[in-house]
Amino acid sequence: MAASASTRFLVLLKEFSAFRKISWTSGATNFHRQSRLLCHVAKEDGSLTLASLDLGKKPRKFGRSKATKLEGSYVTDMGQGKVRAVKNDKMKVVREKKPAEIVSPLFSAKSFEELGLPDSLLDSLEREGFSVPTDVQSAAVPAIIKGHDAVIQSYTGSGKTLAYLLPILSEIGPLAETSRSSQSESEKRAEIQAMIVAPSRELGMQIVREVEKLLGPVHRRMVQQLVGGANRMRQEEALKKNKPAIVVGTPGRIAEISKCGKLHTHGCRFLVLDEVDELLSFNFREDIHRILEHVGKRSGAGPKGEVDERANRQTILVSATVPFSVIRAAKSWSHEPVLVQANKVTPLDTVQPSAPAISLTPTTSEANGQIQTTIQSLPPALKHYYCISKHQHKVDTLRRCVHALDAQSVIAFMNHSRQLKDVVYKLEARGMNSAEMHGDLGKLGRSTVLKKFKNGEIKVLVTNELSARGLDVAECDLVVNLELPTDAVHYAHRAGRTERLGRKGTVVTVCEESQVFIVKKMEKQLGLPFLYCEFVDGELVVTEEDKAIIR
Ligand SMILES: Nc1ncnc2c1ncn2[C@@H]1O[C@H](COP(=O)(O)OP(=O)(O)OP(=O)(O)O)[C@@H](O)[C@H]1O
């Protein structure tokens, strides 16, 4: 009887957001392997009703989808001639529907024109195909233009880079409206006007390219990269020769050049710390301290000869994960700072440690604050699965996962760089184009791999934490954790490499049986459902075993 009770489920839609933009036209191709049918266990009395599925008032259109009870199993008829028998009383079939390009748009109702940007910048945005600002851009741009220091917190892939670049470029450099008429002293002396700091070379270069795009070919030398691993002499020469208005770099290299007196940032008007929670970690402490001490501060400043504690600059702190320590730091460094989240600008003084949006402390994982913060760090429509695999079968599980989801561009995360080569070797041996990426690869190696991954030559990028933050590959449709991240914050950044800007994405965490409790803990911290899945006959299948394991 237990068996028959557990077989009572219905295949239906539940996770709504991913379907928002999917058009259910006829044709077998619409029901791609990735089509998703989500399953629900019906009430114990066995009746399969919409009410029993807790599906809100508006049932979604699902073609001619229906569930039929057979002998000890259900058959899901998707109305497209694809019929998949649920294998036994413990299984529910989940099919992923191939989604439209952008499944959960995060664009605001405003236009770039409404944000008070200069015409030349609007022209650049148009030229580069940016037509509508995202929510966080709409909120951040006016606040920064007004002169506020800001902490920008919004989920991965929501466009935070432009959220701080646009107000900066509207104030300084060749695209700024006022650049001719009201030049500041430092501008007249052709000093650096804005400094953007990022924790990795890749992220730094990505930001440089974003600035270059907006500046256009004529003015692209107005931005200079100062990332580690690149030739320092050349960077110093470029600083001298091009007199850039903006520098983008990693903390170590910026501090190095600053120490030998070749970086003049006292007149800097903007300082951005991108991935601020990482930059304020122990690893970067000394260099960041130096940057904060020097950028935008004139020596001996203070009109009455007193030591001027406040810098004469706007400080912008950015991350998808913002712990309260960052808020506390921002309060002490900044002038009338605000917290900018999508659609929301809050004075930082009113933000309390207990506020759900910012209290992020991985060690106190059960705290409400962290749960909330991490939720906001992830795109809402992103799907999270986990499966169990023995250590020696993980690569095979990865391969079956890629096939089952028909993923085109995959990032597989591990924890140690020495294991990556082995995974790549095994994947290649099974005919799957893949490459490793890690810090020891060297600058050229890393950029070559990244380029190949972006243009589709490499299907699976096997990497470590290096790629977890900031990396923007729009095509990435699957993230696989081949090894568990250290905590929910690291999970959030890894997961955020997919579903960029509302595109579709899936995250699958492959764990060993003894690690399931860690996955369940992260699930709880994130406040998101992690569905237990298996890969059967080339399909992703969610089974009820989940219940047995979780609860
Ligand atoms: N208004 C827009 N219209 C179209 N594309 C945009 C817009 N804003 C940003 N993008 C693009 O969206 C992608 C993601 O943006 P970005 O890297 O700034 O996200 P993010 O929020 O900083 O993510 P993460 O937290 O992972 O670093 C980029 O490719 C960027 O060019």
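Visitor: Over how many bridges do strand β15 and β20 pair in the parallel sense?

Guide: Quick caveat: this is a predicted model, where local features need pLDDT of at least 70, side-chain atom pairs count only at pLDDT 80 or more, and totals for chains, interfaces and linings use all residues. Residues are numbered from 1 along each chain as its sequence is written, and side-chain values use heavy atoms, leaving out hydrogens and water. Strands are DSSP runs of E, at least two residues, and helices are runs of H or I, at least four, numbered from the N terminus; two strands pair if DSSP finds at least two bridges between them. Y385 has V508 of β20 as its bridge partner, and β15 (residues 383–388) pairs with β20 over 6 bridges.

Visitor: How many residues of β20 are buried?

Guide: Buried means under 20% relative accessible area (1.4 Å probe, protein chains only). In a regular strand, side chains alternate between the two faces of the sheet. Here T506, V508 and V510 are buried on one side, and V507, T509 and C511 on the other. For β20 (residues 506–511), that's 6 of 6.

Visitor: Which residue has a side-chain N or O atom 2.4 Å from a ligand oxygen atom?

Guide: A polar contact is a pair of N or O atoms within 3.5 Å. The side chain of R500 has such an atom 2.6 Å from a ligand oxygen, and a backbone N or O atom of G157 lies 2.8 Å from one. The 2.4 Å distance belongs to D472.

Terms used: Buried < 20%, exposed > 50% of the residue type's maximum accessible area, 1.4 Å probe, protein only. Polar contact = N/O pair within 3.5 Å; in protein donor to acceptor, adjacent residues only side chain to side chain.
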